[in-house]
Amino acid sequence: MNKSWVLSQEAFDALLDWLAPEREQAGQRYEEIRARLIKIFTCRGCHEPEDLADETINRVTKRLNEIRGYFKGDHAKYFYGVANKVHLEYLRRKQPPDVMLPDVESDRLEVEFKCLEYCLDSLTADNRHLVLQYYQLERKARIDQRKVLAKELGLNRNVLRIRAHRIRATLQQCMQECLERNV
């Protein structure tokens with residue numbers, strides 16, 4: 001999947017403008033479409049339905065200038081068409097076989113754990129709390145937890161998602177650098 005394009009605030013605003021004339025109505029429509037995309041990918045057995053839904057939304061947003069002029073009808077149907085393509089790409093990706101992995105060296109695990117602790121400690125207390133809460137649970141409980149977290153922080157769920165993604169990217173970069181230094 002294309003990870004090089006990042007959803008900017010300007011692009012997100014353009015998407016909302018395309019979905020509905022009023023901001024509140026557009027936000028509700030966006031949430032409905034995203035929830036439906038997650039449900040579609042979950043029902044198809046995808047292991048990462050939220051990421052696939054976000055990828056679908058990003059692709060539609062990226063092409064918004066092209067489709068705005070010619071697409072007529074229910075915008076959600078366009079998202080669902082793109083979701084079908086994203087799902088086909090997901091299926092084409094090589095899925096890891098369900099086999100038992102050999103034991104990883106305990107020294108390697110220790111280094112990874114120490115790097116994770118170091119990288120989490122390098123975050124601000126608010127960012128550490130956000131990322132730990134955001135990725136804590138599974139499936140329905142995760143969705144409910146994210147709603148509570150968004151309300152607790154006074155954020156729109158999309159803003160929360162973007163923040164968590166950016167914090168996670170920072171953690172991944174920190175982990176990579178730490179592991180390179182210590183391996």
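This is a predicted model: local features need pLDDT of at least 70, side-chain atom pairs count only at pLDDT 80 or more; totals for chains, interfaces and linings use all residues.
**Entry 1: the chain as a whole**

I began with the secondary structure. The protein chain has 9 helices and 0 strands, so I read the order of elements from the N terminus as α-α-α-α-α-α-α-α-α. I then took the extent of the C-alpha trace, which spans about 60 × 40 × 30 Å along its principal axes.

Next I looked up burial and surface. Of the 183 residues in the protein chain, 34% are buried. Among contacts between residues at least 6 apart in sequence, 63% join residues at least 24 apart.

**Entry 2: α3 against α5**

I turned to helix α5, residues 75-92, and its packing with helix α3, residues 49-62. The angle between the two is about 125° and their axes lie 9 Å apart. That angle makes α3 oblique to α5. I noted the crossing of α3 and α5 as right-handed.

I listed the residues on both sides. From α3 the contact takes Leu 52, Glu 55, Thr 56, Ile 57, Arg 59 and Val 60. From α5 it takes Tyr 78, Phe 79, Val 82, Ala 83, Val 86, Glu 89 and Tyr 90. Sorted by type, the residues of the contact of α3 with α5 are 9 nonpolar, 1 polar and 3 charged.

**Entry 3: α1 against α5**

I looked up helix α1, residues 9-19, in the same way. With α5 it packs at an angle of about 125°, the axes being 10 Å apart. I therefore recorded α1 and α5 as oblique to each other.

The contact is made by Leu 15, Trp 18 and Leu 19 of α1 with His 75, Tyr 78 and Phe 79 of α5. I sorted the residues of the contact of α1 with α5 into 5 nonpolar, 1 polar and no charged.

**Entry 4: α2 against α5**

Helix α2, residues 23-43, packs with α5 at an angle of about 30°, with 11 Å between the axes. The crossing of α2 and α5 is right-handed.

On the α2 side I found Arg 29, Ile 33, Arg 36, Leu 37, Ile 40 and Phe 41. On the α5 side I found Ala 76, Phe 79, Tyr 80, Ala 83, Val 86 and His 87. The residues of the contact of α2 with α5 divide into 9 nonpolar, 1 polar and 2 charged.

**Entry 5: Gln 145**

I picked out Gln 145, which is in helix α8, residues 139-153. Is Gln 145 buried or exposed? Its relative accessibility is 17%, and because the cut-off for buried is under 20%, Gln 145 counts as buried. Not counting residues up to four places away in sequence, I found Gln 145 touching Gln 133, Gln 136 and Leu 137.

**Entry 6: Arg 163**

Last I looked at Arg 163 in helix α9, residues 157-182. With 41% relative accessibility, Arg 163 counts as partly exposed. Leaving aside neighbours within four places in sequence, Arg 163 is in contact with Leu 130 and Leu 155.

I also took one distance back towards α5. Arg 163 and Val 82 are 81 residues apart along the chain, and 25 Å separates their C-alpha atoms. Val 82 is one of the α5 residues in the contact with α3.

Key
Residues are numbered from 1 along each chain as its sequence is written. Side-chain values use heavy atoms; hydrogens and water are left out. Axes are lines fitted to C-alpha atoms, for helices over the stretch in contact, and angles run from 0 to 180 degrees between N-to-C directions. Helices (H or I, at least four residues) and strands (E, at least two) are DSSP runs, numbered from the N terminus. Angles under 35 degrees count as roughly parallel, over 145 as roughly antiparallel, 65 to 115 as roughly perpendicular and the rest as oblique. A crossing is left-handed if the near helix is turned anticlockwise from the far one by less than a right angle, and right-handed if clockwise. Contact means heavy atoms within 4.5 Å. Ala, Val, Leu, Ile, Met, Phe, Trp, Tyr, Cys and Pro count as nonpolar, Asp, Glu, Lys and Arg as charged, and the others, Gly among them, as polar. Buried means under 20% relative accessible area, exposed over 50%, partly exposed in between (1.4 Å probe, protein chains only).
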